[in-house]
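Hello,

Here is the structure you were waiting for. Please have it open while you read my notes.

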Amino acid sequence: MVNKVLSAMVIGMIAFAMPVNAQDNVSGTVSADVVNQYIWRGQDLGDVSLQPTLGLNYKGLSLTGWGNVGLSDKDDTKEFDITAAYAIGKFHVGITDYWFNTPIDKYFSYSAHNTSHVFEGNVGYDFGKFSLNWYTNFAGNDGLNKDGKRAYSSYAEANIPFALGGLNWNATIGAVPYATSFYAKANGFAVTNVSLKATKDIRVSDSFTIPIFAGITANPSTQKAYLLFGFTLKP
């Protein structure tokens, strides 16, 4: 299964790299976020970090690379993710290959019990005033359930975007539906992410702006809370 997923991603990369006509509407993304803390789905994964993004989109098909490296602590999480996705209308589905530098610091190690890759499927729908997304790990270095077996760790999230006070806001609530050691050792259903984020574009020139963002994230299951700040650099 994993080899088939990897092969599909490689084929996708090759297909995107092939020359296409301008009218085919291929769009590209290149950007980098700088954040004071790396908080992911309510989990603390590091301090000040650089998070680059590189992606291509073609008629609803997308292939995106995303990474994280700590800037203030050499022991922070290093991460490299590849996501293949398809969107039609307000519906989207995708597969992500997450790679972390622990427990194995070798990228090309894929054996079932000796890998730092985690393979996740996701599906979601944007209803306009809010969106719902579901994520499930199906292979790789997944967490364990109470019986010590693969948990097929899952996470569900709702997002509500709105504008207020000249800022673009997003309210998020996310939960782990059943026991897994992958999400802060959740022992069952657990609300792991309650967040409120605001974004504002700072105009530098007529053709260049820098989006800055700040937010509050709380994880009720671990009784942790974080105040976040960052900015995005992009063409």
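What volume does the second largest pocket have? About 370 Å³. Bear in mind that this is a predicted model.

The second largest pocket is lined by 17 residues. Leu45, Phe100, Thr102, Asn141 and Phe182 lie nearest its centre. By class, the lining of this pocket splits into six nonpolar, eight polar and three charged residues.

Now the largest pocket. Its volume is about 1700 Å³. The lining takes in 47 residues, and Trp40, Trp66, Tyr135, Glu157 and Lys197 lie nearest the centre. Strand 6 (residues 79-88) gives the most to this lining, with six residues.

Ser153 sits in the loop between strand 11 (131-140) and strand 12 (154-164). Ser153 counts as buried because its relative accessibility is 0%, and the cut-off for buried is under 20%. Leaving aside neighbours within four places in sequence, Ser153 is in contact with residues including Tyr135 and Phe182. Tyr135 is among the residues nearest the centre of the largest pocket.

Val194 belongs to strand 14 (residues 190-205). Its relative accessibility is 36%, so Val194 counts as partly exposed. Beyond four places in sequence, Val194 touches Thr172, Ile173, Ile216, Thr217, Ala218 and Pro220. Ala175 is 19 residues from Val194 in sequence, and their C-alpha atoms are 8.9 Å apart.

Best wishes

Conventions. Residues are numbered from 1 along each chain as its sequence is written. This is a predicted model: local features need pLDDT of at least 70, side-chain atom pairs count only at pLDDT 80 or more; totals for chains, interfaces and linings use all residues. Side-chain values use heavy atoms; hydrogens and water are left out. Helices (H or I, at least four residues) and strands (E, at least two) are DSSP runs, numbered from the N terminus. Buried means under 20% relative accessible area, exposed over 50%, partly exposed in between (1.4 Å probe, protein chains only). Contact means heavy atoms within 4.5 Å. On a 1 Å grid over the protein atoms alone, a cavity is a set of points where a 1.4 Å probe fits but cannot get out, and a pocket is an open set with protein on both sides within 12 Å along at least five of seven lines; lining residues have an atom within 4 Å of a point. Grid points are joined across faces, edges and corners, and a volume is the space filled by probe spheres set on the points. Ala, Val, Leu, Ile, Met, Phe, Trp, Tyr, Cys and Pro count as nonpolar, Asp, Glu, Lys and Arg as charged, and the others, Gly among them, as polar.
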